Amino acid sequence: MKNFDQHFREEFLDLLTWRRDVRHFKTDPLPDGKMEELINYANMAPSVGLSQPWRFVEVSSSESRAKVLKVFEAENDKALNDYHGEKAKLYASLKLSGMKEAPVQLAVYCDPDPEKGAGLGRKTMPETLAYSCTMAIHTMWLAARAQGIGLGWVSIIDPDKINTILDVPEDWQLIGYFCIGYPVYVDDKPELERKGWEAREAPVILKK
């Protein structure tokens, strides 16, 4: 097994510290071939039974993007109605999508029954397929951040409506919808923490 020196470990900690969920994007396009490179990084992620269940859909047409944006705006309005008082004011002030600016939009899906892997490791825990896709996303996220590229996870959407817009196979499961591009600024703290929405806490570790 390859060993990584102290310098690399410190740099890796910096990468984790400065990886952010980006909402503020520049409109500058990514270099040609950059998304293919990032997806190749994602493809190196671990997956249950080496099934590689992730499926990537790049949303490039202005028509599809406009439809997805409308879905987000409708769901965001619904979410706002769940809050009251100061929390509602704070929610309304948050920028929760970079879809109007980001040069790339990417939907990541999970194939719930891929032939690859022959079912190994997922008989009793089929949800590990979706977990594998999340690992691929995180791998791509770190690879992107290492090159100064930001990702923003847009979760305030209706998966069924997105599936219809993108016309994907009916059994595919939407794992995440992402905005990708160069961030307007970088920060070592989550924006939600800086805005006073929530704070990161230490992990809870149980010993049995």
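Q: On a 1 Å grid over the protein atoms alone, a cavity is a set of points where a 1.4 Å probe fits but cannot get out; how much space lies in the largest cavity?
A: This is a predicted model, in which local features need pLDDT of at least 70 and side-chain atom pairs count only at pLDDT 80 or more, while totals for chains, interfaces and linings use all residues. Residues are numbered from 1 along each chain as its sequence is written, and side-chain values use heavy atoms, with hydrogens and water left out. The largest cavity holds about 150 Å³ of space, where a volume is the space filled by probe spheres set on grid points that are joined across faces, edges and corners. Of the 17 residues lining this cavity, Arg-20, Val-22, Tyr-185, Val-186 and Asp-187 are the closest to its centre. A search of the whole structure finds one cavity of 30 Å³ or more.

Q: What makes a residue count as charged, and how many charged residues does the lining of the largest cavity have?
A: Asp, Glu, Lys and Arg count as charged, Ala, Val, Leu, Ile, Met, Phe, Trp, Tyr, Cys and Pro as nonpolar, and the others, Gly among them, as polar. By these classes the lining of the largest cavity has eight charged, six nonpolar and three polar residues.

Q: What makes a pocket, and which residues line the second largest pocket?
A: A pocket is an open set of points with protein on both sides within 12 Å along at least five of seven lines, and its lining residues have an atom within 4 Å of a point. The second largest pocket, with a volume of about 200 Å³, is lined by Tyr-41, Met-44, Ala-45, Pro-46, Thr-139, Ala-143, Ala-146 and Gln-147. Six residues of this lining are nonpolar, two are polar and none is charged. The largest pocket has a volume of about 500 Å³, and its lining has eleven nonpolar, two polar and nine charged residues.

Q: Why is Asp-111 called buried?
A: Asp-111 has a relative accessible area of 13%, and buried means under 20%, with exposed over 50% and partly exposed in between (1.4 Å probe, protein chains only), so Asp-111 is buried.

Q: How do you know that the side chain of Asp-111 makes a polar contact, and with which side chain?
A: The contact of the Asp-111 side chain is with the side chain of Arg-55, at 3.2 Å. A polar contact is a pair of N or O atoms within 3.5 Å; within protein, one must be able to donate a hydrogen and the other to accept it, and residues adjacent in sequence count only if both atoms are side-chain atoms.

Q: Why are the buried residues of helix 6 said to line one face of the helix?
A: Helices (H or I, at least four residues) and strands (E, at least two) are DSSP runs, numbered from the N terminus. In helix 6, residues 159-166, Ile-162, Asn-163 and Leu-166 are buried. Seen down the helix axis, the buried residues fall within an arc of 100°, so they line one face; the arc is that of the directions from the axis to the C-beta atoms. On the other side of helix 6, Asp-160 and Thr-164 are exposed.

Q: Why is Leu-50 called exposed?
A: The relative accessible area of Leu-50 is 54%, so this residue is exposed. Leu-50 is found in the loop between helix 2 (34-42) and strand 1, and has a positive phi of about 55° although it is not a glycine. Most residues other than glycine have a negative phi.
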